[in-house]
Amino acid sequence: MYKYLFLALIAISSESYSQKVQTSLRLNRIDGKKIQLKKYLDSGPILINFWATWCGPCKKEMIHLDRFSRQFKKNDFSILSISIDTHRSLSEVKRYVRSKKYDFEVFIDPNQQIFKRLNGNIMPTNLLIDKNGQVVWMHYGYMPGDEVVMEQEIARLLKK
Amino acid sequence: MIKFIFILFFVVVNILTAQVNFSGSLVSSFGKSKNSFNFFENRININSDWNNWTAWFEMEHSNPPELGRKIIGLRKMRFEYQSNRFAFKLGNIYEYWGNGLIFNMLDDQSIDLDTGVKGALISYANDFVNLEYLYGKQRSWRSTIHAPEFDERIPNYRTNYTLNGAKASFDISDILYDFYLLDVNNKDLKPIIMPNENISNELNSLLYGHSINYSFRNIDSDYHYVTNVEKDGSGHNFNSHIFLNDLSFSLSVKDYFFNKLSPYDRWDHINNPDGVLFFQQMPTVNKTHSSLYLNRITHQTDYNDELGLSITIEKQNANNGSFIFNYSQSSRHTEWENRLNQSAVLEWGIKKYTKLPSLEWQFNPFKELYFEINGYYRSKLFYQISYTDSYDVTDIFSSIYAQSSHAYSYEAVEARTLPVLLTYELNAINSINAQLEYQILKKGIYSLNSAIQNASENFGSSFSENIQTNKFVSIGFSKSPKWSISLNIDNTNTEDILILEKKRNNNFIETLLNPVFDKSLTWSNIDIVLNVFNSTQLSFTYGSQRGGVLCSNGICRYVQSFENGFKFGITAAF
């Protein structure tokens with residue numbers, strides 16, 4: 001009983017979530033190159049999106065992410081989309097993102113190391129990060145309409 | 001205890017020194033059912049970083065977990081240092097080399113697969129070269145019927161590997177080249193000991209391999225090769241994509257040949273550890289499906305002996321939609337037959353080899369044809385309609401050639417599956433979702449003894465009827481960003497003879513649906529998801545879930561049914 005109360009307390013404490021991301025974090029881009037998060041944060045805020053080819057809601061959400069990427073590019077805002085597909089289905093990731101001609105950059109995390117480091121647990125997971133590396137908004141899952149909240153959060157961050 | 005004091009000390013020192021950032025996440029699930037599929041599983045991840053240093057701890061209190069062995073205490077930990085050029089990792093390490101052909105370390109809780117190592121990794125990188133050195137020990141558990149105390153939920157056999165490897169990567173304009181060298185020592189306890197035998201197997205493997213990635217304008221290709229020098233096994237994987245306006249063409253090829261195992265020994269990696277190593281989790285080169293029924297009949301890739309290809313053509317349509325065609329085919333390299341040996345006992349021997357994927361049943365063929373059309377209708381209705389036709393020879397039991405006759409028996413699975421996904425957006429925040437799946441499945445044993453006059457091929461179904469018809473209906477409503485609810489009904493006309501013998505415990509939804517769906521062959525549940533805060537999700541499921549194969553990223557395992565119970569879950573970041 002006490003164990004469950006403890007877990008519930010932790011769950012409630014997530015309301016005051018305030019993670020800071022390490023800027024030296026190195027990401028594997030889909031073309032095989034390794035790029036530090038710092039390179040993007042030096043330009044402006046970013047949105048990190050975790051997805052997978054087998055995740056239906058993730059694919060629906062990506063249509064909106066593409067729109068946000070084009071819409072807010074002029075504000076030096078970047079979207080980094082990280083696939084957690086394992087190497088068993090990595091070839092499908094390349095095909096999917098290049099066919100769709102998405103505006104944002106795509107990275108891979110087949111062993112879910114970045115996913116765990118940024119406290120991802122449910123697909124998709126989104127983190128909005130300011131120029132200083134501070135996570136200002138985090139969201140688990142996607143249902144139609146969630147993009148409205150996401151757009152408001154991005155706009156709010158860019159106004160600061 | 002010492003580990004806990006150490007972590008506590010680390011946390012206290014970090015808090016006192018202030019500049020340290022902390023964050024974490026919690027995944028907790030609880031389930032109770034009338035067929036004793038009970039679990040209480042909790043995992044807490046804590047991440048901490050200070051300048052270029054990071055620490056990661058994962059604690060678990062699972063007694064019992066949904067799948068896997070009971071754990072109470074520290075499950076994983078790792079310390080990392082990362083500068084512009086150098087990186088150092090110490091603790092539980094998860095890396096991948098050579099597209100998984102060398103190794104692919106995964107920790108997938110949904111199917112209880114953990115192929116990570118405990119050790120150290122040092123790397124140096126500049127704009128042209130990346131060098132890595134890894135040393136570690138891997139202790140992985142797996143479920144197998146070839147070791148004592150087999151249980152559907154608890155793995156019963158542990159593999160022990162010591163890995164010592166190096167990797168060099170070179171970045172030359174549009175080409176990336178990697179070279180790998182890995183020395184592996186494998187010391188496994190034998191599951192069954194014969195008199196005068198050693199209690200363990202000790203095997204050494206030396207793997208080396210190359211990877212080449214090439215990207216130029218509309219073409220994207222990669223090739224990976226690995227060879228096991230001491231065991232004379234090798235693996236090749238090639239992927240290529242061509243992108244032309246709205247069209248894309250993809251070709252993937254695999255050729256894995258690490259061991260020659262008879263149909264009888266094919267899946268017994270415990271008593272035949274000579275072939276592929278457990279951490280070599282290579283590409284399946286088949287389409288990965290998200291459909292419930294297609295997942296249940298996922299082809300099990302034989303990494304010791306399989307070659308195949310997959311072709312995909314995708315055309316982008318208006319309204320963010322596309323048309324996808326995929327064809328996958330694979331088979332073993334070898335055909336086996338039963339022969340009489342000198343003691344007049346039947347034993348397996350290789351009859352033929354093939355260098356191209358065969359469609360003859362003697363080579364355990366698999367083929368799948370997949371069509372999908374998806375998109376939006378008037379920006380309100382999302383649709384995804386697919387159709388799959390698949391054929392898989394899963395087992396060969398006998399194959400005896402005589403002068404003018406052939407006696408054989410083998411098991412095959414043939415299926416036609418139609419999954420449909422629909423989402424209708426009522427307004428900016430409310431939507432209705434439907435998932436409908438229909439599958440016609442024929443599974444059973446084909447046999448023939450042509451030595452008998454006028455004999456014809458017999459078919460013995462695995463079910464009480466010749467054809468299994470599966471129907472899945474899920475209807476849901478979601479209100480963004482707060483909650484969603486869905487009713488899921490999984491119905492069949494017949495079940496596997498072994499499963500049918502088990503007694504059902506129907507819930508009230510199944511009893512209510514009984515006039516339409518036979519309650520002895522229907523599993524239904526209600527699923528509610530609440531987003532309490534942005535990064536806190538609660539889920540509640542009441543009802544039953546049908547047992548079957550559960551696949552994650554192409555790796556599958558059997559999961560027992562969940563009968564008339566409830567599941568509760570919390571996922572949160574803090």
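## Aromatic pairs in chain B

Tyr177(B) is partly exposed, at a relative accessible area of 24%, where buried means under 20% relative accessible area, exposed over 50% and partly exposed in between (1.4 Å probe, protein chains only). Phe170(B), at 33%, is partly exposed as well. This is a predicted model, in which local features need pLDDT of at least 70 and side-chain atom pairs count only at pLDDT 80 or more, while totals for chains, interfaces and linings use all residues. Side-chain values use heavy atoms, without hydrogens and water, residues are numbered from 1 along each chain as its sequence is written, and chains are lettered from A and ligands numbered from 1 in the order in which they are written.

Rings of Phe, Tyr and Trp (its six-membered ring) pair if their centres lie within 6.5 Å, and planes under 30 degrees apart count as stacked, over 60 as edge-to-face and the rest as tilted. By this rule there are 33 aromatic pairs over all chains. One of them joins Trp53(B) and Tyr81(B), which is tilted because the planes stand at 55°, with the centres 5.1 Å apart. Trp53(B) lies in strand β3 (residues 53-62) and Tyr81(B) in strand β4 (residues 71-82) of chain B, 28 residues apart; helices (H or I, at least four residues) and strands (E, at least two) are DSSP runs, numbered from the N terminus. Phe170(B) and Tyr177(B) form a stacked pair, 6.4 Å centre to centre with 15° between the planes.

## Two buried residues of chain B

Tyr303(B), in the loop between α2 (292-296) and β18 (305-316) of chain B, is buried at a relative accessible area of 11%. Its side chain reaches the backbone oxygen of Met282(B) at 2.8 Å.

Ser390(B) is placed in strand β23 (residues 381-401) of chain B and is buried, with a relative accessible area of 8%. Leaving aside neighbours within four places in sequence, Ser390(B) is in contact (heavy atoms within 4.5 Å) with residues including Ile297(B), Lys367(B) and Val413(B).

## The interface of chains A and B

The contact takes 60 residues from chain A and 101 residues from chain B. Together the two chains bury about 6800 Å², 49% of it on carbon and sulfur atoms, buried area being the accessible area (1.4 Å probe) that two parts lose on being put together, summed over both.

Between chain A and chain B there are eleven salt bridges, each a side-chain nitrogen of Lys or Arg within 4 Å of a carboxyl oxygen of Asp or Glu. Among them is the one between Glu314(B) and Arg95(A), at 2.1 Å, N to O.

Terms used: A polar contact is a pair of N or O atoms within 3.5 Å; within protein, one must be able to donate a hydrogen and the other to accept it, and residues adjacent in sequence count only if both atoms are side-chain atoms.
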